[in-house]
Amino acid sequence: MQPLSNRAKKLEKKPMTLAERAYLPAIFQGLSITLRHFFSKKATIRYPEETRPFSPVFRGLHVLKRDEQGRERCTACGLCAVACPAEAITMVAGERKKGEEGLYREEKYAVSYEINMLRCIFCGLCEEACPKAAVYLQADKMAPPRFERDEFIYGKDRLVEPVAPDARSKRGIQLTPEQAQVLSTKLAQPA
Amino acid sequence: MELPVLGWQALVILVVFGISLLIATYSTYAERVIAAFLQDRVGPDRAGPFGILQPLADAVKLFTKEEFFPAGANRALFVFGPCLAMVTALMASAVIPFGNYLQFGTTIIHLQGIEVNIGMLYVFGVVSLGVYGIMIGGWASNNKFSLLGAIRAASQNISYELAMGMALIAVLMMSGTLSLREITLQQSVPGEWHFWNIVKQPIGFIIFIVCAFAETNRTPFDLPECETELVGGYHTEYSSMKMGLYLFAEYINVFVASAVMSVLYFGGFNFPFQYELRDFLAQSQGAVTAQNIITILGVVAVFIKIFSFIFFFMWVRWTLPRFRYDQLMRLGWTILIPLAIFNIILTGGLILFGVIQ
């Protein structure tokens, strides 16, 4: 038969030498290998105490951003809901009343804004579609597990970022030089 | 013996009993941690700091599990099996000398459960009884896998006991005594350059340690509980603490085998330069205190040796694959036994020509 590749190895069945038949050299070789692993660095991380670093482009839990004056950026245009391939986003638009200028940036705002995290595939198309830079997928936070299905439907109470700037997500802010470096090298690599 | 001395000996026995159980308990933890480390994992670390309460958690789990009796099992023998395995495993550590002697005033306490002049024979007898625990348990389960495992255990233990006994004979030819204490003391003589038995009996030691692996049913000779072929072997039908007793008995056997190997081949409670150290301490502390300090250091030495062997047992377990059953039998009967006989003849010749004594 014609060989398919040139990688086939011709094996000969030779009688074992005395050292091979005595097992012991092979056993000690094996023991030395396992002993090396005994002292090597462990692959496991102790999860709740330590976590692995996320990639700077990681797409995690959504956040609805506020602007510099703490007003909600979302204007309930619905482009994110249209862009969403999983149809996870629903919203109800409302008109801004007088005296609410400090709460909402535009005249139209989202009265309710819900993302179903069970439907969401975390593709980030909502983030790309948003003309007001309002919705972002955080790079440092995942949608946590829950016991009930309805707990996965995130409303505005859990999506809109807190008013205090310190408690806000880092996503949507300029990357640090190190993160930018990592990102550019990653993107430069051929797929 | 006077009554106080007997009282002290009873205390020593109790302590040895407790230590055997403690070491067996923590062997389960050590096994899991060592297995994890050899596989680049970290092992149990949730129960208490570094997971040191893990054996406790395991015990709670085993005790609260359902006591299951298979249909058609012989209930009395089914319970008797693990008990026998446990009792025989615990009995063997009684004659092992864990230290020389402590002296308080005129009372001399030997750090050994009982000093009998047939010590090694006693260990062999009791350890051989251990296979009955497995046999009875496997038979009483009324399960073909259990029975096959039990039969394997019996034939394996009988085969390897022969080679083990013959390896031991070579040691006894040099020592001239079966007392483990005497054998230990002979391995170190004050003021003389004296070697442990491992130097004089390298072949015997290799035979002995291979057989010890087979006797304790540890990998690569754990055919009796071979999961791939026999589900769980002799403890297939066992659950709850009865299962725990079998696993426990195995770890106590590992401890006893390690202790016997330390005593027979690695000088037991002797350690290098002990007499020099004793004479040095005697100048400042007095002879009695110096001897007591040396004895305590000797206990530390013997336990270091034992723990090294236990580590070796586990290290081998997570390195080597299991033997096939015919390979196991061929190794025992056609290699180890002739090698042991050759070792006896070699030792006899060396003694005859005065090379070793």
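## A first walk through a two-chain model

Helix α5 of chain B is followed by B:G176, a residue whose phi is positive, near 75°. Helices and strands here are DSSP runs, numbered from the N terminus: a helix (H or I) has at least four residues and a strand (E) at least two. This is a predicted model, in which local features need pLDDT of at least 70, side-chain atom pairs count only at pLDDT 80 or more, and totals for chains, interfaces and linings use all residues. Residues are numbered from 1 along each chain as its sequence is written, while chains are lettered from A and ligands numbered from 1 in the order in which they are written.

**Helices of chain B**

| Helix | Residues | Length | End C-alpha distance | Expected span |
|---|---|---|---|---|
| α5(B) | 144-175 | 32 residues | 45 Å | 46 Å |

Is α8(B) mostly covered or mostly open? This helix is mostly covered, with 10 of its 14 residues buried. A residue counts as buried if 20 or more other C-beta atoms lie within 10 Å of its own, as exposed if there are 12 or fewer, and as partly exposed in between, with C-beta atoms placed from the backbone. Among the buried residues of α8(B) are B:F205, B:I207, B:F208 and B:F213, along with B:E215 at the end of the list. Their cover includes α4 (119-140), α5, α7 (197-200), α10 (240-265), α12 (287-317) and α13 (325-352) of chain B. After α8(B) comes B:N217, with a positive phi near 55°.

**A hairpin and some annotated spans**

Chain B also has strands β1 (residues 97-104) and β2 (residues 107-112), which pair in the antiparallel sense over 5 bridges. Strands are said to pair if DSSP finds at least two bridges between them. Together β1(B) and β2(B) make a hairpin with 2 residues between them, and B:G105 in the turn has a positive phi of about 60°. B:F104 stands opposite B:T107 of β2(B).

The unreviewed UniProt entry marks several spans of chain B as "transmembrane region", including residues 77-99 and 162-181. UniProt positions follow the numbering used here, feature names are shortened, and annotations may be inferred rather than shown by experiment. Residues 77-99 of chain B are 65% helix and 13% strand, with end C-alpha atoms 38 Å apart. Residues 162-181 of chain B are 80% helix and 0% strand, and there the ends lie 24 Å apart.

**Meeting chain A**

The contact between the chains takes 11 residues from chain B and 11 from chain A. On the chain B side there are 6 nonpolar, 2 polar and 3 charged residues. Ala, Val, Leu, Ile, Met, Phe, Trp, Tyr, Cys and Pro count as nonpolar, Asp, Glu, Lys and Arg as charged, and the others, Gly among them, as polar. Residues are in contact if their C-beta atoms, placed from the backbone, lie within 7 Å.

Chain A has 6 helices and 5 strands, running α-α-β-α-β-β-α-β-β-α-α from the N terminus. Of its 191 residues, 15% are buried. Chain A averages a pLDDT of 83, and 89% of the residues score at least 70; pLDDT is the predictor's confidence in each residue, from 0 to 100.

Three of the strands form an open antiparallel sheet in the order β2-β3-β5 (chain A). Its edge strands are β2 (89-95) and β5 (153-154) of chain A, each pairing on one side only. The antiparallel strands β3(A) and β5(A) are joined by 2 bridges, and A:N116 has A:I153 as its partner in β5(A).

Which residues carry the UniProt annotation "binding site"? The unreviewed entry lists A:C84, A:C120, A:C123 and A:C126. They are spread over 43 residues of sequence yet cluster in space, with a largest C-alpha distance of 10.4 Å. A:C123 sits in the loop between β3 (108-116) and α4 (125-129) of chain A and is partly exposed, because 15 other C-beta atoms lie within 10 Å. A:C126 belongs to helix α4 of chain A and is buried, because it has 25 C-beta neighbours inside 10 Å. Beyond its neighbours within four places in sequence, A:C126 is in contact with A:C80, A:A83, A:C84, A:I89 and A:V135.

Conventions: Contact = placed C-beta atoms within 7 Å. Expected span 1.5 Å × (residues − 1).
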